[in-house]
Amino acid sequence: MGKVSIMSKLLVVLCLSGEAFCQSDDFDFYYFVQQWPGAYCDAKGRTCCFPNTGKPSTDFSIHGLWPNNDDGSYPSNCDSSNPFDESQVEELESRLETDWPSLACPSVGPKFWAHEWNKHGTCSSFSSQKDYFQASLELKDKTDLLQALKDADIIPNDEFYNVEDMKEAIKEKIGFYPWIECNHDSDGNSQLYEVYVCIDANGRDFIRCPVLPRGNCASRVQFPKF
Ligand code: 5GP
Ligand code: 5GP
């Protein structure tokens, strides 16, 4: 038996004996990214459309769970033979509608989930589409961003807040600093748009972010109503 064959047999045995060995090592951690619908919808030059289930609740919603490397690079579109298949997430669909709505126009419905699965989910460590979406929903519950901010008296009331205070409030809840991305409204105000938190390669636990995306927030930013 050749060396390669022995190695692959060993890998199979390790995989069967414990999930940890089976993790893909094609990436190092995840960004779990949530968007503030108020900032998506009133961004300069953009319109937004509500899903056919109506206006989403006044809460952060999921943008995606993205495999990433410590050097800032990331894999994408890793498996074209396993495209998004709505029937695999049927049981989660009502929660996905609530917690992972698309606000793009014209209303794209499940296409947003399809885009996220095909681009990012296929590079993840989850063995099924259902597991990937389920884990993302659990991470949203665990992060509970709106409550974390509320606990520090930071609320979506069109007022301006220090970005650093927002980060502290979230760290208070999850133990690690998040990253905050901003966009601009039509008056040119910098506003809270997306919150990135870092998750270990199992897709379950918060970690300190190994690398941060580029930032574009002013030091004080608006938290728009929605
Ligand atoms: P944007 O250019 O709008 O920031 O990002 C466009 C898209 O590229 C994102 O929605 C996401 O799919 C991907 N992307 C941007 N930055 C990152 C990153 O740092 N890590 C990963 N994994 N994906 C990213
Ligand atoms: P990314 O590659 O940036 O993760 O994926 C964003 C893609 O999903 C874009 O093509 C964008 O038009 C589409 N999309 C659909 N609905 C939404 C939404 O509610 N928020 C964001 N950020 N992108 C959305």
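Is Cys217 buried, partly exposed or exposed? With a relative accessibility of 26%, Cys217 counts as partly exposed. This is a predicted model, and its disulfide count comes to 5. A disulfide is a covalent bond between the sulfur atoms of two cysteines. Let's walk through some of them.

**Cys182 and Cys217**
- The sulfur atoms of Cys182 and Cys217 sit 2.0 Å apart and form a disulfide.
- Its S-S torsion is about 95°, so this disulfide is right-handed.
- Cys182 belongs to strand 4 (residues 179–184), while Cys217 is in the loop between strand 6 (206–207) and strand 7 (220–222), so the link ties together parts that are 35 residues apart in sequence.
- Cys182 has a relative accessible area of 5%, which means that this residue is buried, because buried requires under 20%.

**Cys49 and Cys105**
- Here the two sulfur atoms are 2.1 Å apart, again forming a disulfide.
- The angle about the S-S bond is 110°, and the link is right-handed.
- Cys49 is found in the loop between helix 3 (37–41) and strand 2 (61–68), and Cys105 in the loop between helix 4 (93–99) and helix 5 (111–119), so the pair joins parts that are 56 residues apart in sequence.
- Cys49 is partly exposed at 24% relative accessibility, and Cys105 is partly exposed at 33%.

**Cys41 and Cys48**
- Cys41 and Cys48 form a disulfide with 2.0 Å between their sulfur atoms.
- The torsion about their S-S bond is about 95°, so this disulfide is right-handed.
- Cys41 counts as buried at 17% relative accessibility, whereas Cys48, at 22%, counts as partly exposed.

How values were computed
Residues numbered from 1 in each chain as written. Chains lettered and ligands numbered in written order. Predicted model: local features only at pLDDT ≥ 70, side-chain atom pairs only at ≥ 80, totals over all residues. Heavy atoms only, no water. Disulfide = S-S within 2.5 Å. Buried < 20%, exposed > 50% of the residue type's maximum accessible area, 1.4 Å probe, protein only. Helix = DSSP H or I, 4+ residues; strand = E, 2+ residues; numbered from the N terminus.
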